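Please open the model in your viewer and keep the selection panel at hand. The tour below goes from one selection to the next and says what is there.

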Amino acid sequence: MPASLRNRQHALICQLAECIEKVWQTNLELSPYRVPEGLGYIEGHLEGEKLVIENLCYQAPQFRKLHLELAQVGNGLDILHCVMFPNPEYALPIFGADIVGGRGGAISAAIADLSPVNTERSLPVVYNLALSALPDLNFSQPRALPEWADIFSEFCLFVRPMGALEEQAFLQRVGDFLTIHCQIASATKPLTSDLEVASSIAGQQYYCEKQQQNDKTRRVLEKSFGTEWADRYMTTMLFDSVA
């Protein structure tokens with residue numbers, strides 16, 4: 001595989017990719033995750049420009065899949081996508097983060113959250129306490145969540161960071177989210193009730209169904225690789241819910 005995409009992507013994406021891996025390695029017992037055939041490193045074309053996708057995946061006792069995706073379209077579009085899917089035996093929220101960088105080096109969208117998966121759509125108390133203790137952040141251009149996005153928590157950060165200071169503030173907050181999440185997960189005991197595990201599975205399925213409604217992602221994949229391939233990628237690589 002060629003050298004990691006991150007080295008030629010927007011600096012914030014490179015920094016966040018490094019941050020994510022460092023927090024994982026520091027706090028979790030990582031082991032390899034088997035990526036579906038042909039989906040680890042992908043090349044295609046979108047509107048005449050080369051599209052490259054790189055997927056890095058791990059697993060850990062508390063997480064069935066830790067997924068970091070980097071993508072680049074020509075020289076004008078850089079993307080980072082990360083999701084941490086818990087093992088359903090653990091009552092943990094789903095960490096997710098995305099960054100989209102456009103032409104001219106600006107970040108058009110940056111989002112991070114710990115999304116609850118229980119039927120009440122609420123985070124466990126220990127998460128609420130830890131996240132509430134983080135200092136308030138003020139971004140000059142907060143963004144509105146899409147209509148389908150009822151999966152996110154009250155702590156969801158969705159912004160267009162303006163300038164280096166706001167980019168670093170976003171990076172710091174995602175690092176905080178990740179560290180809190182991994183440390184709580186490491187101290188969490190597995191569920192013993194089949195009913196609770198079933199509820200956890202249902203919550204993950206709902207999260208994946210909602211994320212698969214993201215038309216922007218699907219349109220890019222369909223334009224580059226066709227509808228059938230895009231559907232396979234969305235359901236087996238990006239948002240594969242447990243059965």
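In which sense, right-handed or left-handed, does α2 pass α3? Before selecting anything, note that this is a predicted model, in which local features need pLDDT of at least 70 and side-chain atom pairs count only at pLDDT 80 or more, while totals for chains, interfaces and linings use all residues. Residues are numbered from 1 along each chain as its sequence is written, and side-chain values use heavy atoms, with hydrogens and water left out.

**The two helices**

Select α2 (125-132) together with α3 (residues 163-187); helices (H or I, at least four residues) and strands (E, at least two) are DSSP runs, numbered from the N terminus. The crossing of α2 past α3 is right-handed, a term used if the near helix is turned clockwise from the far one by less than a right angle. Their axes, which are lines fitted to C-alpha atoms over the stretch in contact, come within 11 Å and cross at roughly 150 degrees, on a scale that runs from 0 to 180 degrees between N-to-C directions. That makes α2 roughly antiparallel to α3, the word for angles over 145 degrees.

Now show the side chains of V126, Y127, A130 and L131 on α2, and of F177, I180, H181, I184 and A185 on α3, since these make the contact (heavy atoms within 4.5 Å). By class, eight of the contact residues are nonpolar, one is polar and none is charged; Ala, Val, Leu, Ile, Met, Phe, Trp, Tyr, Cys and Pro count as nonpolar, Asp, Glu, Lys and Arg as charged, and the others, Gly among them, as polar.

**The strands**

On to β4 (residues 63-73), which runs antiparallel to β3 and is joined to β3 by nine bridges, with V73 of β4 as the partner of L51.

**Two residues with positive phi**

Most residues other than glycine have a negative phi. Select E47, in the turn of the hairpin that β2 and β3 form, where phi is positive at about 50 degrees. E47 is exposed, with a relative accessible area of 66%. Finish at R121, in the loop between β7 (107-115) and α2, where phi is also positive, about 55 degrees. R121 is partly exposed, at 27% (exposed means over 50%, buried under 20%, partly exposed in between, with a 1.4 Å probe and protein chains only).

Notes: Parallel < 35°, antiparallel > 145°, perpendicular 65-115°, else oblique. Pairing = 2+ DSSP bridges.
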